[in-house]
Amino acid sequence: MNLTKCTLSSVFHITRRLSFSRTAMAEVPDEIRNKCLVIPDGSGYDINMFSIPVKYANFLKKVLIPNGLIKDRTSRLASDILGSLPNTKSLVVLCVLKGGYKFCSELVDAMERYICSCEINMSIKVEFIRLKSYHNTESTGEIKVIGLSDLSCLTGKDVLIVEDIIDTGKTMTKALKLIDEYKPNSVQCASLLLKRTPHSCGYVPEYLGFEVENSFIVGYGIDYNEFYRDLPHIGVINEDGIKAFAE
């Protein structure tokens, strides 16, 4: 075997990949790059390197974000959120179901640990909501918040909406506008993921875990026809998975 040729080939492929990553990163706006981990297009890990539920073993293209990285990033988000609310005594967390439940649980646990260890005088109240869209004949969207009987309970409160993934951003933008009508003291959003899509309206949440490629993302609470929510990592479903778990 020609080791020199093999080594040069390996260097070429690594350099090419790094060059691609730098190019992709250069196209990411500073607003996003400065507040989250950007996962370049084409990144990911071999599923055979991770513990994957048997039922999904043949139906994933790759692991995009491992469970440990999700938890570590969430812990940092928790400290960032609390650090931005130095005078807040009570925080209302609105967990957007169904996909946001795992991220919200991990985030609130991390915030409560931070509050305890730093002896911060703050309480956290968690409410569970769903965001439902209605479209009229003119194709303009209207958002309804389901779960809270009266949104006026948010008046004067510091509110944090916790979401699993922001796709186009249109639904969240309208939800924030609706909630703002009830005059909370503040309202912000924390999302685990922001998808890189040409259909984005430009909305970027205040707190963001990762920016990811425009693929069919599943896992860690995010589903495909109610499957994959129990996948501990964030992955990309393959064509076989789309067919196998189709309704």
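Leaving aside residues up to four places away in sequence, which residues does Asn-67 touch? Select Asn-67 and find Tyr-220, Pro-232 and His-233 in contact with it, where contact means heavy atoms within 4.5 Å. Asn-67 lies in helix H3 and has a relative accessible area of 17%. That value makes Asn-67 buried, a word used here for residues under 20% relative accessible area, with exposed for those over 50% and partly exposed for those in between (1.4 Å probe, protein chains only).

Before moving on, a word on the model. It is predicted, so local features need pLDDT of at least 70 and side-chain atom pairs count only at pLDDT 80 or more, while totals for chains, interfaces and linings use all residues. Residues are numbered from 1 along each chain as its sequence is written, and side-chain values use heavy atoms, with hydrogens and water left out.

**The whole chain**

Now zoom out and colour by secondary structure. The protein has six helices and ten strands; these are DSSP runs numbered from the N terminus, with helices (H or I) of at least four residues and strands (E) of at least two. Of its 247 residues, 43% are buried. Among contacts between residues at least 6 apart in sequence, 65% join residues at least 24 apart. The accessible surface is about 13700 Å², and carbon and sulfur atoms hold 52% of it; the areas come from the Shrake-Rupley method with a 1.4 Å probe, and for residues only the protein chains shown count as cover.

Next, select helix H4, residues 101-117. Its 17 residues reach 24 Å from the first C-alpha to the last, close to the 24 Å expected at 1.5 Å a residue; the expected span is 1.5 Å times one less than the number of residues. Show side chains for the buried residues of H4: Phe-103, Cys-104, Glu-106, Leu-107, Val-108, Ala-110, Met-111 and Ile-115. Just after H4, look at Glu-119, which takes a positive phi of about 55°.

Stay on Leu-107. Beyond its neighbours within four places in sequence, Leu-107 is in contact with Thr-74, Leu-77, Ala-78, Ile-81, Leu-160, Val-162 and Ala-190.

Which residues touch the most other members of the largest nonpolar core? They are Leu-107, Met-111, Leu-160 and Leu-193, in a core of 35 residues. A nonpolar core is a set of buried Ala, Val, Leu, Ile, Met, Phe, Trp, Tyr and Cys residues joined through side-chain atoms within 4.5 Å. The elements giving two or more residues to this core include helix H3 (67-83), strand E3 (90-96), strand E6 (158-166) and strand E7 (186-195). H4 supplies the largest share, seven residues. A second, separate core has 28 residues, among them Met-172, Ile-179, Leu-194 and Tyr-203.

**A three-stranded sheet**

Select E2, E10 and E9. They form an open sheet in the order E2-E10-E9, with antiparallel pairing; two strands pair if DSSP finds at least two bridges between them. E2 and E9 (217-218) are the edge strands, each pairing on one side only. E9 and E10 are joined by two bridges. One place to look is Val-218, whose bridge partner in E10 is Gly-235.

**Aromatic rings**

There are seven aromatic pairs in the structure. Rings of Phe, Tyr and Trp (its six-membered ring) pair if their centres lie within 6.5 Å; planes under 30 degrees apart count as stacked, over 60 as edge-to-face and the rest as tilted.

Start with Tyr-56 and Tyr-228, a stacked pair at 4.4 Å centre to centre with 15° between the planes. Tyr-56 sits in the loop between E1 and E2 and Tyr-228 in the loop between E9 and E10, 172 residues apart. Tyr-56 is buried at 1% relative accessible area, and Tyr-228 is buried at 0%.

Then select Phe-59 and Phe-245. Their ring centres are 5.3 Å apart and their planes at 80°, so the pair is edge-to-face. Phe-59 is partly exposed at 22%, whereas Phe-245 is buried at 11%.

**Last stop: Ile-242**

Finish in helix H6 (residues 239-244), where Ile-242 is found. Ile-242 is partly exposed, at 25% relative accessible area. Not counting residues up to four places away in sequence, Ile-242 touches Phe-216, Tyr-224 and Ile-237.
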